[in-house]
Amino acid sequence: MLPRPSLSLLPRFCSFLPFATMSSKTGTFHLQQPLNYRAGARIQPVDGSHNEEVYEPATGRVMGKFLFSGEKEVDLAVQSAKAAFKIWSQKSGMERSRVLLEAARIIRERQEEIATMETINNGKSIFEARVDVDISWQCLEYYAGLAGAIAGQHIQLPGGSFAYTRREALGVCVGIGAWNYPFQIACWKSAPALACGNAMIYKSSPLTPISVVMLAEIFTQAGVPNGLFNVVQGGAATGQFLCQHRDVAKVSFTGSVPTGIKIMEMSAKGIKPVTLELGGKSPLIIFSDSVLENAVNGALMANFLTQGEVCSNGTRVFVQREILEAFTEEVVKRTQKIKIGDPLLEDTRMGALISRPHLERVLGFITQAKEQGAKVLCGGEPYVPDDPKLKNGYYMRPCVLGDCRDDMTCVKEEIFGPVMSILPFDTEEEVLERANNTTFGLAGGVFTRDIQRAHRVVAALQAGMCFINNYNISPVELPFGGYKMSGFGRENGQAAMEYYSQLKTICVEMGDVESVF
């Protein structure tokens, strides 16, 4: 059962949000103060020249405007982060741990406020947003626990000489986040970075710029040096200034494959290490011996969380032919019961997609699927809630496609919406070949009661995150990342610490120096 925090915190929102007039009701939030954060305070970018509108997906309403950051603002953010890094990197792991624990405590205390703001800006249900915030504070707690355990190695050499290694911070790291999990992704990137002693400059998606500034304020309140976590807002140009800045040591990006390629190209000019968490078209394989109810539940979780806007979603659902009819019937029945509407209502399970253009893009995939021979078993059309204030929101009915083939566009390309494609299969060997026949490799899953087959299948799947008899669970203890064009590097788990630090080797001679000259 997912946590359901008390709504008694709702009256406290206004006191926590001095920068906005806000109600828990949809359609009332208005953006009033800057969304950049530098040296411990909200600021307007010094060279912002482009105004961008912020929309509320649930209503289609403009909540306000903000400025994109130019090259001068990026440089000021980097210089501020460099100054803070000198202080932070000299602290012990235990000192950094205490600050991260305090930040986690503040996030827990402000869970309802943060979740509500995330829902307003992203469109996902408040039910899901609360879970995102829980994962966020757990992430900070986890890396707080690891901060004090960062250590090197002692190596004994001949004659009493020895060597040792030090794991050191990189410096100023850049985090570039996606719009589907704005607050959570910012925590996933900043927690290990700060635990290792780095500073971070974060650029969120221009579609969801609001909640990351709340995280920046929380870090300041928790006691990080001013400038340790700065926020610059903007689009592709701002990202380019960050990636190419000579004083940036590392870039971590979550988003699409085309943008990831550009990030990698720009970072390569400065020989900067990158972590790329990109797209997916993941397979979910359901064998005939599965517990049908669990398989159906897994397929729904693999396709419809956050309106289907999840990179790891198992959107290619391969079902063994013996149970294809029963599985499909139950999935369609369950999908048709999903409550769509105002994401701030407690019983809503599917809110609005992120934007009007994205909604139209997803609907276009469904139209193309029908043209290529797929059958729409349910959903796949725009949805207009009864509440008149939601009539311009970006809603659609979740869609299940049958009669799918591997060569269809809906099966090959990432849709990033609530669209499930069901494909029949006969044998294990056959389905593994088809499952791996993709340029992506982010995730994969299998449902079966045969535990030997389960392990055999996940061992053969070309994917970085695999699930057996479940799907889309991401405890912070587990490394997360992909194979192939889904990216490289890992977020979460102890593995992430390696990507936010560098190894130094020191060789100590305890005798006389011998020379061949």
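**Close-up views of a predicted model**

At 28% relative accessibility, Cys466 counts as partly exposed, a class lying between buried (under 20% relative accessible area) and exposed (over 50%), with a 1.4 Å probe and protein chains only. The model is predicted: local features need pLDDT of at least 70, side-chain atom pairs count only at pLDDT 80 or more, and totals for chains, interfaces and linings use all residues. Residues are numbered from 1 along each chain as its sequence is written, and side-chain values use heavy atoms, with hydrogens and water left out.

View 1. A disulfide is a covalent bond between the sulfur atoms of two cysteines. With the criterion of a pair of cysteine sulfur atoms within 2.5 Å, a search of the whole structure finds zero disulfides. Cys404 is in no disulfide, and the nearest cysteine sulfur, in Cys410, is 4.4 Å away. Cys404 is buried, at 7% relative accessibility. For Cys466, the closest cysteine sulfur belongs to Cys311 and is 14 Å away, too far for a bond.

**View 2. The buried side of helix α8.** Helix α8 spans residues 236-244, and Thr238, Gly239, Leu242 and Cys243 in this helix are buried. These residues lie on the same side of α8 because they cover an arc of only 135° around the axis, taken from the directions from the helix axis to the C-beta atoms. Helices (H or I, at least four residues) and strands (E, at least two) are DSSP runs, numbered from the N terminus. The cover over the buried residues of α8 includes α2 (71-88), β9 (172-176), β10 (199-203), β12 (248-254) and α9 (257-268).

**View 3. Surroundings of Asn198.** Asn198 is located in the loop between α6 (182-195) and β10, and is buried at a relative accessible area of 0%. A polar atom of the Asn198 side chain lies 2.6 Å from the backbone nitrogen of Leu170. Beyond its neighbours within four places in sequence, Asn198 has contacts (heavy atoms within 4.5 Å) with residues including Phe85, Trp88, Cys173 and Leu228.

**View 4. Asp403 in its loop.** Asp403 sits between β17 (399-402) and α13 (409-412), and is exposed, with a relative accessible area of 56%. Residues up to four places away in sequence aside, Asp403 touches Gly373, Ala374, Lys375, Met408 and Ile422. Val376 is 27 residues from Asp403 in sequence, and their C-alpha atoms are 8.8 Å apart.

Key. Polar contact = N/O pair within 3.5 Å; in protein donor to acceptor, adjacent residues only side chain to side chain.
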